[in-house]
Amino acid sequence: MSSQSRNLRIDNIKAVLIFLVVFGHLIELHITGDHFLRSVWIFIYSFHMPMFALVSGMLSKASLDDKQSNQLVKNIVIPLFVFEVLYEGIELLLKGSLSVYSGLFAPYWMLWYLMSLLCWRLMLPVFARLQFPVVIAVGLSLLASYSESTGYFLSIARTLSFFPFFLLGWKLGPALFDRTKKRVLLISLPVVAVAIITSFLLKSDFDYRWFYGSYSLNRLGMANMTGTLYQIAQYLASGVIGLACLHLLSRKNWGLAAIGQRSIYVFLWHGLALIVLQETGVLNAIFTLDKALTSLTALAVSALIVWLAAHPWCEALTQKVLLKPLSWLLIKQLNGNHPTPSKEVKTDTIVAPVEP
């Protein structure tokens with residue numbers, strides 16, 4: 001299969017994943033009293049964040065030359081800085097104070113992923129020279145989960161928690177989906193089916209905080225070997241379920257590649273859309289509807305947000321007003337000379353999830 005076809009497969013996967021991010025986040029605050037939505041949310045969170053890290057790893061290189069360094073500034077540092085200021089400014093306008101994240105020295109809300117992605121890219125050249133990088137990353141994550149010094153601070157806990165999936169994606173590479181055989185498909189279907197059924201069978205007291213990757217074992221009440229074994233089982237389950245879902249998605253061109261190519265804009269802007277819906281009362285109104293209508297409306301609103309944020313006009317406006325000016329300013333200062341400004345800041349290869 002050609003490289004272009006392979007990229008279309010990945011872009012389609014990115015589009016589906018970013019939709020799940022928006023939908024999962026939209027329903028998250030209202031899943032307590034709705035068994036159906038809660039079960040769907042648990043299924044989504046069982047794999048979507050690990051798979052975002054894995055796909056980002058697939059698209060990363062184990063090198064850090066001048067070109068790669070500039071790309072990190074353009075694609076990660078600048079969007080992180082711009083939208084950190086934007087969202088904190090919105091918090092200040094709405095509530096009269098900065099967000100709780102600022103007090104924790106943590107990236108605002110969903111922006112933790114850009115911070116973690118930056119760390120992963122900086123660590124990749126080192127881990128790429130190790131014999132068993134994924135195993136070592138898992139070991140570091142398990143050890144760090146006993147510490148109370150990580151958590152939300154600079155997204156350290158999540159950086160370590162999801163780093164194994166990023167490394168696994170780098171090891172597998174984007175050609176993974178070219179090697180999909182029929183027997184893999186036959187395995188993937190029952191795996192996904194069992195995962196969905198299990199999500200609906202879980203008891204209402206199931207502690208879904210395990211999915212966030214930001215809580216220590218002590219805060220989860222399992223700072224012991226049982227907790228460590230639970231984490232290992234979670235790594236295995238997320239990996240198996242996630243890869244099964246990606247294999248199923250890669251079997252067909254869903255016609256969503258254009259959205260996948262602009263998934264970063266959905267990630268950056270959907271938080272603002274949800275804030276507007278929350279402040280205007282629309283979000284709460286959705287969950288006062290009949291349960292079936294609530295689910296359908298949530299799906300429709302999520303799809304609308306994805307479509308608007310992934311529209312070429314949104315991309316052009318974001319580049320022209322926010323990213324490109326700061327890119328020209330920062331890259332010029334970092335280089336210490338007068339290079340030709342880039343035409344645009346290409347951020348379409350970054351995939352990022354959100355969290356509560």
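How many aromatic pairs does a search of the whole structure find? The search finds 23 of them, where rings of Phe, Tyr and Trp (its six-membered ring) pair if their centres lie within 6.5 Å, and planes under 30 degrees apart count as stacked, over 60 as edge-to-face and the rest as tilted.

The model is predicted: local features need pLDDT of at least 70, side-chain atom pairs count only at pLDDT 80 or more, and totals for chains, interfaces and linings use all residues. Residues are numbered from 1 along each chain as its sequence is written, and side-chain values use heavy atoms, with hydrogens and water left out.

**Aromatic pairs**

A pair of aromatic rings is described by the distance of the centres and the angle of the planes. Two of the pairs are tabulated here.

| Pair | Centre to centre | Angle between planes | Class |
|---|---|---|---|
| Y45 and Y212 | 6.1 Å | 85° | edge-to-face |
| F127 and F163 | 4.9 Å | 90° | edge-to-face |

Y45 lies in helix α2 (residues 35-45) and Y212 in the loop between α9 (182-201) and α10 (225-249), so this pair ties together parts that are 167 residues apart in sequence. Helices (H or I, at least four residues) are DSSP runs, numbered from the N terminus. F127 in helix α6 and F163 in helix α8 (residues 156-172) are 36 residues apart, and their pair links distant parts of the chain.

Y45 and Y212 are both buried, and F127 and F163 are buried as well. Buried means under 20% relative accessible area, exposed over 50%, and partly exposed in between (1.4 Å probe, protein chains only). F127 and F163 also belong to one aromatic cluster with W112, Y113, W120, F162 and F166.

**Charges over rings**

A charge sits over a ring if NZ of Lys or CZ of Arg is within 6 Å of the ring centre and within 35 degrees of the ring normal. The charged end of R158 is placed this way over W112, 4.9 Å from the ring centre. R209 lies over the face of Y215, 5.2 Å from the centre of that ring.

**Cysteines**

The search of the whole structure finds 0 disulfides, a disulfide being a pair of cysteine sulfur atoms within 2.5 Å. C119 is partly exposed, at 25% relative accessible area, whereas C245 is buried, at 9%.

**A phenylalanine in a loop**

F132 lies in the loop between α6 (112-127) and α7 (133-144). With a relative accessible area of 51%, F132 is exposed.

Notes: Helices (H or I, at least four residues) and strands (E, at least two) are DSSP runs, numbered from the N terminus.
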